[in-house]
Amino acid sequence: MRQADSHTSIPTLPSAPSLVAKEHDRRALFAALTFVDKPPRSAAALSGWFEKHLVAPGRMRRPTYVMEGFSMQVALGPAAPEDPDEPELQALVEAARFRVLSSLRALMPPAADDRFLAAAIDDGRVRRAGDGALWEPCPREEDLLSDIVLSLFAADILSYREFHDAYLCVCKTCLRIDFDPSRSGRTGCPEHQPTATVNVMRRSRPPL
């Protein structure tokens, strides 16, 4: 494993995505943060996210549909529904986003549950990169949407585990991701005090 990067390289969201992109080997993290910070609200937006962050870089083939748990498959591309509100897709994206953030929350102390990392390795959604110390995502189009996003986080966490162990914060109240424990503790965010007693199921979108 590489040594932890300086936490100043990835500031608190929502400014993180524009800065993380400057580091070529952190593009997987940039893609994952983009998904959770500004979830795609339409089939066109989700297709665009796939194209930019996964298809164009050669990480996976272009998916024709997405699925999540027990939800119905939602088509992308020409077969996408014409409903402008796309409630089924929005519900699917929210379910995927919540599973991703809950998995990251569980990774933190005291639980330190990293089973999603082992699952990503065992199921072949991440693989060693040429460097040997780095990992890269390689999800498949038939994977659950949450597993695809988790593969992006898993690749960066496996490559920079010390960084995430030291700086990753996920708010108990809204599940917002933060990379500055000095401002939020490990259980809060700048808007929610880390000492507050809350239920992890309560959540809201992060401020944009």
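## Basis of the description

Contact here means heavy atoms within 4.5 Å. The model is predicted, so local features need pLDDT of at least 70 and side-chain atom pairs count only at pLDDT 80 or more, while totals for chains, interfaces and linings use all residues. Residues are numbered from 1 along each chain as its sequence is written, and side-chain values use heavy atoms, with hydrogens and water left out.

## Helix α6 and Ser 146

Helices (H or I, at least four residues) and strands (E, at least two) are DSSP runs, numbered from the N terminus. Helix α6 covers residues 145–159. From its first C-alpha to its last, α6 reaches 22 Å with 15 residues, close to the 21 Å expected at 1.5 Å a residue; the expected span is 1.5 Å times one less than the number of residues. The helix is mostly covered, with 15 of its 15 residues buried. Buried is under 20% relative accessible area, exposed is over 50%, and partly exposed is in between (1.4 Å probe, protein chains only).

Ser 146 is part of α6 and counts as buried, at 0% relative accessibility. Apart from neighbours within four places in sequence, Ser 146 is in contact with Glu 68, Ala 96, Arg 99 and Val 100.

## The largest nonpolar core

A nonpolar core is a set of buried Ala, Val, Leu, Ile, Met, Phe, Trp, Tyr and Cys residues joined through side-chain atoms within 4.5 Å. The largest one has 50 residues, and those with the most contacts inside it are Leu 46, Phe 50, Leu 104, Leu 145, Phe 153 and Ile 177. At least two residues of this core come from each of α2 (27–37), α3 (43–55), α4, α5 and α6. The largest share, 10 residues, is supplied by α6. In soluble globular proteins, nonpolar side chains tend to be buried together.

## Backbone features in the loops

The loop between α4 (87–107) and α5 (115–122) contains Pro 110. The peptide bond leading from Pro 109 to Pro 110 is cis, with omega near 5°. Ala 112 also lies in the loop between α4 and α5. Although Ala 112 is not a glycine, its phi is positive, about 50°. Ala 112 is partly exposed, with a relative accessible area of 43%.

Leu 175, in the loop between β5 (169–170) and β6 (177–178), is not a glycine either, yet has a positive phi of about 60°. Its side of the picture is a buried one: Leu 175 has 1% relative accessibility.
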